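Let's take a walk through this one, starting at the ligand and then moving on to a few backbone spots worth a look.

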Amino acid sequence: MSDKKLEDAVPDVPRHVLRDGTKIPQLGLGTYPMDDAEAEALIPEALWRGYRLVDTAVNYGNELGVGRGIKASEITRDEIFLTTKLPGRDHGTDSVRRSLEGSLERLGTDYVDLYLIHWPNPGVDRYVETWQTMIELRDQGLVRSIGVSNFLPEHLLRLERETGEMPVINQVELHPQYQQELLREFHAEHKIVTEAWSPLGRKTDILQHEWIADIARKVGRTPAQVMLRWHIQSNILPIPKTSNVTRMAENLDVFDWDLTDEQMKRMKMLHTGLSGSGFDPREHEEL
Ligand SMILES: NC(=O)c1ccc[n+]([C@@H]2O[C@H](COP(=O)([O-])OP(=O)(O)OC[C@H]3O[C@@H](n4cnc5c(N)ncnc54)[C@H](OP(=O)(O)O)[C@@H]3O)[C@@H](O)[C@H]2O)c1
């Protein structure tokens, strides 16, 4: 099939509406740990298969490749929802703008759709002034929406208290083994969309769990699709990473079928509270 035909054959991904009115696809492509060359080759493949949300970060070292891949796809920029993240070393009023300008240059674009603070780095304690600057950059049009990643309620409440504004998204580790129920309730109360990193539980064995295999057999899908469908039905936005084009299509094919209430209950019971990364945002410092 030609690339153009591939594009015509894929259905639109449904969207969430963020609190600021922006629409974001309900599933996206993760890009860590692709390097520039891999990202440049794979981003067009993903876009031609229907992906419209691409997740990168300064610290992935692949913004150049992501930007080149978007251009090579020949899909217009305004059809694509592009996320990047500010690294810990660039927290602080003066450095945020400089850091964003570097990202925009590498990505070959004049705005990003979503700009996230990658980690709160509470030991550095500059995430509030960083957030205040991001509000200004958003108001100047350099980014469409602003959010955070790996923030706890205590960090989110402090942002609201000191700047008057909460993020529209918090991207956190989340999969059936680590369901983050309390955080999700907090997000729902504050109209924050929950975005899941490691949605397939990378660094855990959850994708091999026999209950998931059993549900997959019953619904005639793969274990990865069952996990991603669980995210969608739980109102969580997953960004699975794959470098395999067959899996790209597989992971996106989760919108026209359902898990039953019984199957969703079974998935809920897979929660153990064990994070795959073991990173605690209260202590983890990522610069
Ligand atoms: N904000 C943060 O702090 C943070 C932290 C970590 C990650 N992230 C973001 O979240 C994205 C996703 O998280 P992640 O990469 O950690 O984990 P993930 O998406 O849960 O898992 C990725 C792994 O699953 C494999 N995989 C993908 N589709 C599959 C399928 N259908 N069947 C079997 N295996 C499959 C991939 O291998 P193949 O590539 O070989 O298919 C890869 O090894 C990252 O790429 C990154 O963009 C953000």
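By class, the ligand's shell is made up of 10 nonpolar, 11 polar and 6 charged residues. Keep in mind as you read that this is a predicted model.

**Around the ligand**

Which residues come nearest to the ligand? Out of the 27 around it, those are Leu200, Arg202, Lys241, Thr242 and Arg247. As for where the ligand sits, the space it takes is the largest pocket.

| Residue | Protein atom | Distance to a ligand oxygen |
|---|---|---|
| Thr242 | polar side-chain atom | 2.6 Å |
| Lys241 | polar side-chain atom | 2.7 Å |
| Gly201 | backbone N or O atom | 3.4 Å |

On its own, the ligand has 900 Å² of accessible area, and the protein covers 85% of that. Two of the residues in the table, Lys241 and Thr242, also turn up in the list of those that come nearest.

Next, a couple of residues with positive phi. Ser198 isn't a glycine, yet its phi is near 50°. You'll find Ser198 in the loop between β9 (193-197) and α8 (210-219). Is Ser198 buried or exposed? Its relative accessible area is 14%, and the cut-off for buried is under 20%, so Ser198 counts as buried.

Asn235 is another non-glycine residue with positive phi, this time about 65°. Asn235 belongs to the loop between α9 (223-233) and β10 (237-238). Why does Asn235 count as exposed? Because its relative accessibility is 53%, and exposed means over 50%.

There's a cis peptide bond to check too: the one from Tyr32 to Pro33, with omega near 10°. Pro33 lies in the loop between β3 (29-30) and α2 (36-48).

**One more proline**

Pro122 sits in the loop between β6 (112-117) and α5 (127-139). With a relative accessible area of 22%, Pro122 falls between the 20% and 50% cut-offs, so it is partly exposed. How far is Pro122 from Thr31, going by C-alpha atoms? The two are 91 residues apart along the chain, and 26 Å separates their C-alpha atoms.

Methods:
Residues numbered from 1 in each chain as written. Predicted model: local features only at pLDDT ≥ 70, side-chain atom pairs only at ≥ 80, totals over all residues. Heavy atoms only, no water. Near = heavy atom within 4 Å. Polar contact = N/O pair within 3.5 Å; in protein donor to acceptor, adjacent residues only side chain to side chain. Areas by Shrake-Rupley, 256 points an atom, 1.4 Å probe, with all protein chains shown as cover. 1 Å grid on protein atoms, 1.4 Å probe; cavity = no way out; pocket = protein on both sides within 12 Å on 5 of 7 lines; lining within 4 Å. Sits in = over half its atoms within 2 Å of the grid points. Nonpolar A, V, L, I, M, F, W, Y, C, P; charged D, E, K, R; others polar. Helix = DSSP H or I, 4+ residues; strand = E, 2+ residues; numbered from the N terminus. Buried < 20%, exposed > 50% of the residue type's maximum accessible area, 1.4 Å probe, protein only.
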